[in-house]
Amino acid sequence: MADGVEPSAVSDDTEAREAEGSAVAESVVVEAAGLEPIDARTILRNGGPRFAANAGFPVLFFYVGWKLSGLLAGVLLATAVGVGAYLYERHKERPGMVARLALAFVIIQGVIGLAFGSAKVYLAQPVVLNLLLGLVFLVTTLRGKPFAGMFAEELYPFPPEVKESETFKGAFGRVSIVWAVYFLLRSLIRLYMLKGSVDAFVVVNVITGFPIIAAVLSWSVWYISRFFRRSEEWGWALAES
C-alpha cells in the first residue's frame with residue numbers, strides 16, 4: 001500500500017472503476033441488440049402518446065361529428081380516426097396491437113350504434129368493453145399470465161427471453177392489477193354518467209381518460225423500470241432513468 005493512501009480510498013476507487021466498466025458493458029450489450037437504453041423516458045416517449053391517442057381519440061372525434069352533424073357523421077369521423085391510427089402504426093412497422101383492437105372495435109361499435117340509431121348505445125359499448133378489459137387484466141394476473149405483458153411490445157421491444165422471465169411476470173403482474181382497478185372503476189363511473197346527458201358523459205370520459213391514463217402509464221413504466229433494475233435477472237440491462 002502506498003504511503004499516505006487510505007485503504008478505503010483505494011477500495012472506493014476500484015469499485016468506481018468496476019461500476020463504470022459495468023455500465024459501459026451494459027450499454028454495449030443493449031446497443032448490440034439494436035435497442036435503446038431501457039428507461040422510463042424512452043418508453044414513455046415511444047409509446048405513451050400513441051397509447052393515449054388510440055384509446056381516446058375515437059370518442060372525442062365522434063362527439064365532434066355528432067354535435068356538428070349527427071350520429072352518422074360522428075361514427076364516420078371516429079372510424080376514420082381508427083383507420084388512420086392503424087395505418088400509421090403499419091407504416092411505422094410497429095406491432096400496433098392497441099391500434100388493431102381499437103380499429104376492430106370502432107367498426108363494430110359504429111355498426112351497432114347506427115343500427116340502434118342512438119348516441120348513447122354507441123358510447124355505452126366502449127364502457128362495457130372497458131369493464132370486460134378490467135376483468136381480463138384481473139383474471140389473467142390471477143392465472144399467472146398478466147395481460148399487461150401482452151402490451152409490452154407496444155412500449156418497448158423486450159426480447160423473448162426477457163418476457164419469459166420471472167422478473168417480467170412479477171413486474172407486469174402487479175401493473176396488471178392496477179390497470180384492472182382503473183378500468184373497473186372508470187367503467188362503473190361512466191355507466192352511471194351515461195344515464196344523464198351525452199355532454200356530461202363525454203366530459204367525465206375525458207377527465208377519467210387521458211389524464212389518468214397518462215398518470216397510470218407513467219407509474220407503470222417507472223415501477224417496471226425500478227422492478228427490473230432491482231432484479232438479479234435483468235438489473236444489469238437497465239439504464240438509469
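Which residues are buried in helix α9 (residues 198–207)? In the predicted model examined here, the buried residues of this helix are Val198, Phe201, Val202, Val204 and Asn205. When α9 is viewed down its axis, these buried residues fall within an arc of 165 degrees, and they therefore line one face of the helix.

Of the 241 residues of the chain, 41% count as buried. Among the contacts in the chain with a separation of 6 or more, 67% are accounted for by residues 24 or more positions apart.

Helix α10 comprises the 20 residues 210–229, which at 1.5 Å a residue should span 28 Å, and this expectation agrees with the 28 Å that separates its end C-alpha atoms. The buried residues of α10 are Ile213, Val216, Leu217, Ser220, Val221, Tyr223, Ile224, Ser225 and Phe228.

The packing of α10 against helix α8 (residues 166–193) was then considered. The axes of α8 and α10 come within 10 Å and cross at roughly 160 degrees; because angles over 145 degrees count as roughly antiparallel, α8 is roughly antiparallel to α10. The crossing in which α8 passes α10 is right-handed. On the α8 side, the residues that meet α10 include Phe168, Phe172, Val175, Val178, Trp179 and Tyr182, while their counterparts in α10 include Ile213, Val216, Leu217, Ser220, Tyr223, Ile224 and Phe228. These residues named from α10 are also among those listed as buried in that helix.

Helix α8 also packs against helix α5 (residues 119–142), and the axes of these two helices come within 8 Å and cross at roughly 155 degrees. That angle makes α5 roughly antiparallel to α8, although here α5 passes α8 in a left-handed crossing. The contact is made by residues of α5 including Pro126, Val127, Asn130, Leu131, Gly134, Leu138 and Thr141, and by residues of α8 including Gly173, Ser176, Ile177, Trp179, Ala180, Phe183, Leu184 and Arg190.

With a relative accessible area of 30%, Lys163 is partly exposed. Lys163 and Met150 lie 13 residues apart along the chain, and their C-alpha atoms are separated by 9.3 Å.

Note on methods: Residues numbered from 1 in each chain as written. Predicted model: local features only at pLDDT ≥ 70, side-chain atom pairs only at ≥ 80, totals over all residues. Heavy atoms only, no water. Helix = DSSP H or I, 4+ residues; strand = E, 2+ residues; numbered from the N terminus. Expected span 1.5 Å × (residues − 1). Buried < 20%, exposed > 50% of the residue type's maximum accessible area, 1.4 Å probe, protein only. Arc of directions from axis to C-beta. Axes fitted to C-alpha atoms, helices over the stretch in contact; angles between N-to-C directions. Parallel < 35°, antiparallel > 145°, perpendicular 65-115°, else oblique. Left-handed = near helix turned anticlockwise from the far one by under 90°. Contact = heavy atoms within 4.5 Å.
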